[in-house]
Amino acid sequence: MTADEIKTTNMPQNTLKKKKHKGIESLKSTYGRLFVLHWEIGLLLFFVMPLFQSFYYAFCDVSFSGGEYHFQYAGLKNYNEAINVDPEFMNNVSASIGEIFASLPVIVIISLILALLLNQKFKGRIFFRGLYFLPVIIASGVVIELLFMSTSDELSSAGVSGSLASNMISVEDIILWLNLPTQIGAFFGNLLNNIFNLIWNCGIQIVLFISGMQSIADSLYEVSKVEGATKWEEFWFITLPMLSRTLILVIIFTIVELVTAKNNVVMTQAYTLMRGAATKYGLASAMLWIYFIIVGVIMGIIMFLFGKFCLKRWDTGGRS
Amino acid sequence: MKVVSAVKDSVIKFKNASSETRYKALRKANGVLASLLRYVILIGIGYIILYPLFYMISSSFRTKESFYDPSVIWITSELTLENFSYSWKILDYGSSVLNTIIYEMVSAAIQIISCSIVAYGLARFEFKEKKILTFFMFLLILVPSQMMMLPIFMNYSKLDFLGILGMLDSLTGIDIRPNVLNSFWTFYLPALLGVGIRSGIIIYIYIQFFKGLPKELEEAAWIDGAGPFKTYLRIALPSSGVVITTVTVFSLIWHWNDYSLSSMYLYSESWPVAVKLSSINTPEAMGTLRLDSNDPLRIAIMMSACLLFVVPILIVYLFLQRKFVKSIDRVGITG
């Protein structure tokens, strides 16, 4: 500080002003740092350090004795056990990866369509919006799990009730009535049986989409109206390109949700290990690392492809 | 016959009309059709959304006999409240709701405040590390909290800051590292430091909002001699009611539904409702009622427990609903 003062007193009037201005700037950046200081500590304590720790545990034999955890370096033993020895783990991983690819497009498209519908002006809009955010509240993992449990085979075999969807609209009847080939029928039956999971997963995505749609400037729509664009063209050339960033946020959020859902098979397996003895902690960490690295790679590929084919094209203004 | 002739009349009228009125009529019909379609879709999917709630309500009031009666679809002639008394006992409802409030709801409130401070700093000020910190915010959204759960759990048993206290222990033999497991610090500490449950996305929503807020007011306050913290408290915070509503609803719900963290960091006597609910179908919980695994009363008890779990947050949502729905229009999450 003192050195700065000496410097400024020796300087001509013009540069002195500049110097003072810079002082305010640096003061402002100090204030900015003060605002995020507690968060930096939090990131270090609850994010960066634990991440490194779990990476380290995955290479260790963990044991618990005398109130202390002991770590013994064991190389790739845990990874080997997860991939080669454990009979279920790799199957579980591939099942949940498959689930991502099956559910993600459906969830994104359904929530986009619903958001478009709810974003228009019509009577009862507030009521319907309130209704459509309900899944966010009710559909916590635990409740969904219990709902499906309560309609599981074990109980339905006792003549109590079928699955949720077939209970509701009797899918088999509709398929019989439509006289579809069995494979297509099975596909639709499967889709309808999963419709709860899918639609109940859409709540926050709808919120994000509506919020994104509201931030698109009205003037764009006015111009397109003057130019005589149809609603269909409006959607493809204004709404969707302007939503591109929201879209990628929704995609990422959905993937994270699907991957870490409570009824996800890999997560269940890892939870069971974590609640057990400390000797399994290394294995649990290794499993989580394998799983999330695979998911991370998939996310990276999706983001890369999205950036290359969608963002680039849309940011330069629709069809170029 | 009357209807047919009326339709015929209108068709003839339509054919004889000028092209302009024809066009208008078609447009009107189109609009009516579109709005009809919209309502059909909205109500149809609304039914799918509400169905499980109806199912919960319907089956939680049922008696055991009614489950075997095929003529019963929604409502039975005999309604019973017995299921609720069972599930109340299994959930230990009173004390577990209190636990949820002590551990989860308070930390939700803390999180709402601490995250807004962080977001204000990131949205309004320029400094060198900002880019790295923004990158970390995205990482916080991307990396699932389950990755950090186990190390954090182990760290909590001997809370330490960057190994300073551990060093003290190894040098002097004085161990003052506290064991905070099963205390409210396990939730308050991350919430205070802005890294609680899904803090990344909450900070992100805040940042998007603050960026859209006009800067001029804050600059005027700044010039009038208010410090940055006073500006934040008196100007930025009061004008961000919209985003606070959105974030409050999200944060409350995520904390209410939190299951994985609390089952890890807390012992069974201080479990919140979500964890108790998740273990309701285990033999230990059901064993107290002496029900066998095929007893349909289990469904009734599970569903009534779900209802008990959902109702408090549903009531809160009903109060905030109008405000929340409107706030979504104005938060401006652009991605």
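**Reading a helix pair, a chain interface and model confidence**

User: How are helix α10 and helix α11 of chain B arranged in this predicted model?

Analyst: Helix α10 (residues 216-223) of chain B packs with helix α11 (residues 228-236) of chain B at an angle of about 135°, and their axes are 10 Å apart.

User: Which residues make the contact between α10(B) and α11(B)?

Analyst: From α10(B) come Leu217(B), Glu218(B), Ala221(B) and Trp222(B), and from α11(B) come Pro228(B), Thr231(B), Ile235(B) and Ala236(B). Sorted by class, the contact of α10(B) with α11(B) has six nonpolar residues, one polar and one charged.

User: How many residues does each chain give to the contact between chain A and chain B?

Analyst: Chain A gives 98 residues and chain B gives 107 residues. About 9,600 Å² is buried between the two chains, and carbon and sulfur atoms give 77% of that area. Phe35(A), Trp39(A) and Phe46(A) supply 10% of the area that chain A buries against chain B, more than any other three residues.

User: Where is the pLDDT of chain A below 50?

Analyst: Where pLDDT is low, the predicted coordinates should not be read in detail. Chain A has a mean pLDDT of 77, with 75% of its residues at 70 or more. The pLDDT is below 50 over residues 11-20 of chain A, a stretch with three contacts in the model beyond near neighbours in sequence. Residues 153-163 of chain A also have pLDDT below 50, but this stretch has 24 such contacts.

How values were computed
Residues are numbered from 1 along each chain as its sequence is written. Chains are lettered from A and ligands numbered from 1 in the order in which they are written. This is a predicted model: local features need pLDDT of at least 70, side-chain atom pairs count only at pLDDT 80 or more; totals for chains, interfaces and linings use all residues. Side-chain values use heavy atoms; hydrogens and water are left out. Axes are lines fitted to C-alpha atoms, for helices over the stretch in contact, and angles run from 0 to 180 degrees between N-to-C directions. Helices (H or I, at least four residues) and strands (E, at least two) are DSSP runs, numbered from the N terminus. Contact means heavy atoms within 4.5 Å. Ala, Val, Leu, Ile, Met, Phe, Trp, Tyr, Cys and Pro count as nonpolar, Asp, Glu, Lys and Arg as charged, and the others, Gly among them, as polar. pLDDT is the predictor's confidence in each residue, from 0 to 100. Buried area is the accessible area (1.4 Å probe) that two parts lose on being put together, summed over both.
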